[in-house]
Amino acid sequence: MISGIIDRFECDIAVIEVDDHTIEYPKHLLPSEAEVGDVVLIEGNKITLDKEATAARRHEVDELVDELFED
């Protein structure tokens with residue numbers, strides 16, 4: 001199983017960051033609620049959202065932004 005992050009959507013293609021490269025999958029293979037920044041688990045042509053990892057990642061990013069813009 002591969003873990004990646006949705007980088008962007010280009011028409012009907014989802015561009016997913018995996019380690020130090022990107023891979024492309026047809027957008028229809030992703031869950032309909034998938035958004036840019038979501039962590040996904042890829043197993044063959046089955047792609048699922050990792051909601052816990054996504055929430056943890058967003059929390060970490062929010063903390064970094066708060067730290068960056070402290071008074």
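This is a predicted model: local features need pLDDT of at least 70, side-chain atom pairs count only at pLDDT 80 or more; totals for chains, interfaces and linings use all residues.
Which residue in the turn of the β1 and β2 hairpin has a positive phi? It is Cys 11, with a phi of about 55°, and two residues lie between the strands of that hairpin.

Good morning, colleagues. Let me begin with the overall plan of the chain. The secondary structure comes to one helix and five strands. Read from the N terminus, the elements follow the order β-β-β-β-β-α. Along the principal axes, the C-alpha atoms fill a box of roughly 45 × 25 × 25 Å.

I turn now to the sheet. The five strands form an open sheet with antiparallel pairing, and their order across it is β3-β2-β1-β4-β5. Why is one side of β3 and of β5 left without a neighbour in the sheet? Strand β3, residues 21-26, and strand β5, residues 46-49, stand at the edges with a single partner strand each, so one side of each has no neighbour there. From one strand to the next, the twist averages 40°.

Let us take the pairings one at a time. Strand β1 covers residues 2-10 and strand β2 covers residues 13-18; five bridges join these antiparallel strands. Within this pair, Phe 9 stands opposite Ala 14 in β2.

The next pairing is that of β2 with β3. These two strands run antiparallel and are joined by six bridges. Ile 16 provides an example, standing opposite Ile 23 in β3. Strands β2 and β3 also form a hairpin with two residues between them, and Asp 19 in its turn has a positive phi of about 55°.

Elsewhere in the sheet, strand β4, residues 39-43, runs antiparallel to β5, and four bridges join the two. Leu 41 has Thr 48 of β5 as its bridge partner.

Is Thr 22 buried, partly exposed or exposed? Its relative accessibility is 45%, so Thr 22 counts as partly exposed. Setting aside residues up to four places away in sequence, Thr 22 touches Val 15, Ile 16 and Glu 17. Glu 67 is 45 residues from Thr 22 along the chain, and the C-alpha atoms of these two residues are separated by 29 Å.

Because its relative accessible area is 6%, under the 20% cut-off, Thr 54 is buried. Which residues does Thr 54 contact beyond its neighbours within four places in sequence? They are Gly 37, Asp 38 and Val 39. Of these, Val 39 belongs to the stretch 39-43 that forms strand β4.

I close with the chain as a whole. Of its 71 residues, 24% count as buried. The chain exposes about 5200 Å², of which carbon and sulfur atoms supply 50%. Among contacts with a separation of 6 or more, 29% are between residues 24 or more positions apart. As for charge, there are 6 positive and 20 negative side chains, and the centres of the two sets lie 8 Å apart.

Conventions: Residues are numbered from 1 along each chain as its sequence is written. Side-chain values use heavy atoms; hydrogens and water are left out. Two strands pair if DSSP finds at least two bridges between them. Axes are lines fitted to C-alpha atoms, for helices over the stretch in contact, and angles run from 0 to 180 degrees between N-to-C directions. Buried means under 20% relative accessible area, exposed over 50%, partly exposed in between (1.4 Å probe, protein chains only). Contact means heavy atoms within 4.5 Å. Accessible areas come from the Shrake-Rupley method with a 1.4 Å probe; for residues, only the protein chains shown count as cover. Lys and Arg count as positive and Asp and Glu as negative; His and the chain ends are not counted. The place of a charge is taken as NZ of Lys, CZ of Arg, CG of Asp or CD of Glu.
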